[in-house]
Amino acid sequence: MENCLFCKIIGGVIPSTKVYEDETVYAFRDINPQAPTHVLVVPKAHIADCNGINTENAAVVAHIFEVIPAIAKAEGLEGGYRVVSNCGADAGQTVQHLHFHILGGKQLSLEMA
């Protein structure tokens with residue numbers, strides 16, 4: 001998607017601090033971190049949100065959940081971490097590209113967990 005912020009980051013048009021990359025996944029630091037460690041994990045293929053997951057792209061999402069623990073370990077999140085995905089405006093999704101937040105590095109609030 002030509003106007004998608006995350007597609008531009010994946011494509012290198014907009015700079016980011018890369019944490020992880022493979023053929024299907026790109027992970028980078030959030031520019032407005034909500035925890036000491038705040039990494040966004042996105043599929044390279046554009047999927048708008050959780051509602052866009054289907055049988056054709058579900059393997060990419062499964063792969064993301066294989067990669068998340070490796071990223072968390074590399075980030076030193078031995079005490080635990082939270083994985084969040086917002087779906088739609090009412091949930092707070094501001095970029096219409098499926099993404100998962102890895103949050104950790106401190107005791108996280110149980111509010112909205």
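**Reading strands, burial and ring pairs**

User: In which strand is the place of Tyr81?

Analyst: Tyr81 sits in strand E4 (residues 81-84). Helices (H or I, at least four residues) and strands (E, at least two) are DSSP runs, numbered from the N terminus. This is a predicted model, where local features need pLDDT of at least 70 and side-chain atom pairs count only at pLDDT 80 or more, while totals for chains, interfaces and linings use all residues. Residues are numbered from 1 along each chain as its sequence is written, and side-chain values use heavy atoms, with hydrogens and water left out.

User: Is Tyr81 buried, partly exposed or exposed?

Analyst: Buried means under 20% relative accessible area, exposed over 50%, and partly exposed in between (1.4 Å probe, protein chains only). Tyr81 has 35% relative accessibility, so it counts as partly exposed.

User: Which residues form a nonpolar patch on the surface?

Analyst: Patches are made of residues with over 30% relative accessible area and no salt bridge; like charges are joined within 9 Å, nonpolar side chains (Val, Leu, Ile, Met, Phe, Trp, Tyr) within 5 Å. A salt bridge is a side-chain nitrogen of Lys or Arg within 4 Å of a carboxyl oxygen of Asp or Glu. Accessible areas come from the Shrake-Rupley method with a 1.4 Å probe, and for residues only the protein chains shown count as cover. Here the patch consists of Phe65, Tyr81 and Val83, with about 250 Å² of accessible area together.

User: Why is strand E3 largely enclosed by the rest of the structure?

Analyst: In a regular strand the side chains alternate between the two faces of the sheet. In E3, Thr37, Val39, Val41 and Pro43 point one way, His38, Leu40 and Val42 the other way, and all are buried. Because seven of the seven residues of E3 (residues 37-43) are buried, this strand is largely enclosed.

User: How many bridges join strand E2 to E3?

Analyst: Two strands pair if DSSP finds at least two bridges between them. E2 (residues 25-29) and E3 run antiparallel, joined by five bridges, with Ala27 opposite Val41. E3 also pairs with E5 (residues 100-104) in the antiparallel sense, over five bridges; there Leu40 stands opposite His101.

User: How many aromatic pairs are there?

Analyst: Rings of Phe, Tyr and Trp (its six-membered ring) pair if their centres lie within 6.5 Å; planes under 30 degrees apart count as stacked, over 60 as edge-to-face and the rest as tilted. The count comes to three aromatic pairs. One of them, Phe6 with Phe28, is edge-to-face, at 5.5 Å centre to centre and 75° between the planes. Phe6 is in helix H1 (residues 5-10) and Phe28 in strand E2, 22 residues apart.
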